[in-house]
Amino acid sequence: MHKKPLTTLPTDTVLVAPSILAADFAALGNEIERAENEGADIIHADVMDGHFVPNLTIGPPVVESIRKCSSLPYDVHLMLDEPENFIVPFAEAGADNLTVHVEIEANVHDVLGAIKEQGCSAGLSLRPGTDAERLVPFLSDVDLILVMTVEPGFGGQAFQPEMLSKIERIRDFIAEAGRPIHLEVDGGIDKTTAPQAIAHGANVLVAGTSIFRCKAGIRTAIKQLKA
Ligand code: DX5
Ligand code: ZN
């Protein structure tokens with residue numbers, strides 16, 4: 001299938017990526033269609049293995065099924081101890097961007113290379129407790145940096161305000177790198193925290209609860225995040 005890596009989207013524009021973890025899984029296809037129709041830019045899917053994080057979510061067959069529900073880029077966030085074993089399956093299932101964590105044991109350069117070999121854009125994420133400096137060796141390899149603004153594993157947690165200075169620091173690294181790299185934030189992003197994250201340099205906003213559980217609807221929720 002024709003890939004839509006995130007390198008095809010501008011890094012100087014605020015983009016919203018609804019996290020399907022907060023959607024109604026009994027109606028996942030409809031929820032994704034609704035998100036696209038109501039202003040989403042990217043679809044964010046969280047993959048968890050019960051080891052890297054204490055939760056289990058979806059695998060390649062689910063990504064393959066939901067891929068048909070939208071023409072937006074699919075951003076797949078791999079919270080796995082051994083993501084190297086799942087790059088090809090998720091790429092073949094239709095992922096356009098694959099993000100792995102810098103805390104993994106495998107050689108991060110190799111894993112990022114394997115992602116690019118599949119025609120996907122490559123993202124690198126870090127937990128709240130991981131130093132921003134850990135990203136420095138990979139700035140010439142990554143298309144996206146994902147700053148976790150909560151401890152990964154579950155939706156619905158509160159944004160950690162201490163992450164704002166980290167976002168700013170990474171924005172400086174990106175400027176020094178002198179190449180287009182998306183700066184994505186994930187966890188507790190809502191109409192209050194989104195403007196703070198943007199002000200500190202984020203351009204891709206992942207949000208689950210504040211979008212799929214917004215009483216005023218998805219369109220309003222996305223508008224509020226971009227406002
Ligand atoms: C957390 C996931 C997030 C999560 C965000 O481990 O990576 O994508 O779904 O959910 P909210 O927006 O509810 O904090
Ligand atoms: Zn995520």
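The points below take up the ligand site, a loop residue, a strand and a helix in turn.

1. Please keep in mind throughout that this is a predicted model, and that every distance quoted here is computed from that model.

2. Ligand 1 is surrounded by 20 residues, and the closest of these are Asp46, Gly153, Asp186, Gly208 and Thr209. An oxygen atom of the ligand lies 2.7 Å from a polar backbone atom of Gly153, and an oxygen atom of the ligand is also found 2.9 Å from a polar backbone atom of Gly156. From a side chain, Ser19 places an N or O atom 2.9 Å from an oxygen atom of ligand 1. Of the 380 Å² that ligand 1 exposes when taken alone, the protein buries 99%.

3. Thr57 sits in the loop that runs between strand 2 (43–48) and helix 2 (60–67).

4. The side chain of Thr57 makes two polar contacts with backbone atoms, reaching the oxygen of Asp46 at 2.7 Å and the nitrogen of Met48 at 2.9 Å. Leaving aside residues up to four places away in sequence, Thr57 touches Leu21, Asp46, Val47 and Met48. The C-alpha atom of Thr57 is separated by 9.5 Å from that of Gly153, although the two residues are 96 residues apart along the chain.

5. Strand 1 (residues 15–18) is covered on both faces, with Leu15 and Ala17 buried on one side and Val16 and Pro18 buried on the other. Strand 1 runs parallel to strand 8 (residues 204–207), to which four bridges join it, and the bridge partner of Pro18 in strand 8 is Ala207.

6. In helix 4 (residues 108–117), the residues Val108, Val111, Leu112 and Ile115 are buried. Viewed down the helix axis, the buried residues fall within an arc of 100 degrees, and so they line one face of helix 4. Their cover includes helix 3 (87–93), strand 4 (97–101) and strand 5 (121–126), whereas Asp110 and Glu117, on the other side of helix 4, are exposed.

7. The two ends of helix 4 also deserve a look. At its start, a side-chain oxygen of Asn107 comes to within 2.9 Å of the backbone nitrogen of His109, and the helix is followed by Gly119, which has a positive phi near 85 degrees.

Key:
Residues numbered from 1 in each chain as written. Chains lettered and ligands numbered in written order. Predicted model: local features only at pLDDT ≥ 70, side-chain atom pairs only at ≥ 80, totals over all residues. Heavy atoms only, no water. Buried < 20%, exposed > 50% of the residue type's maximum accessible area, 1.4 Å probe, protein only. Arc of directions from axis to C-beta. Contact = heavy atoms within 4.5 Å. Polar contact = N/O pair within 3.5 Å; in protein donor to acceptor, adjacent residues only side chain to side chain. Near = heavy atom within 4 Å. Areas by Shrake-Rupley, 256 points an atom, 1.4 Å probe, with all protein chains shown as cover. Pairing = 2+ DSSP bridges.
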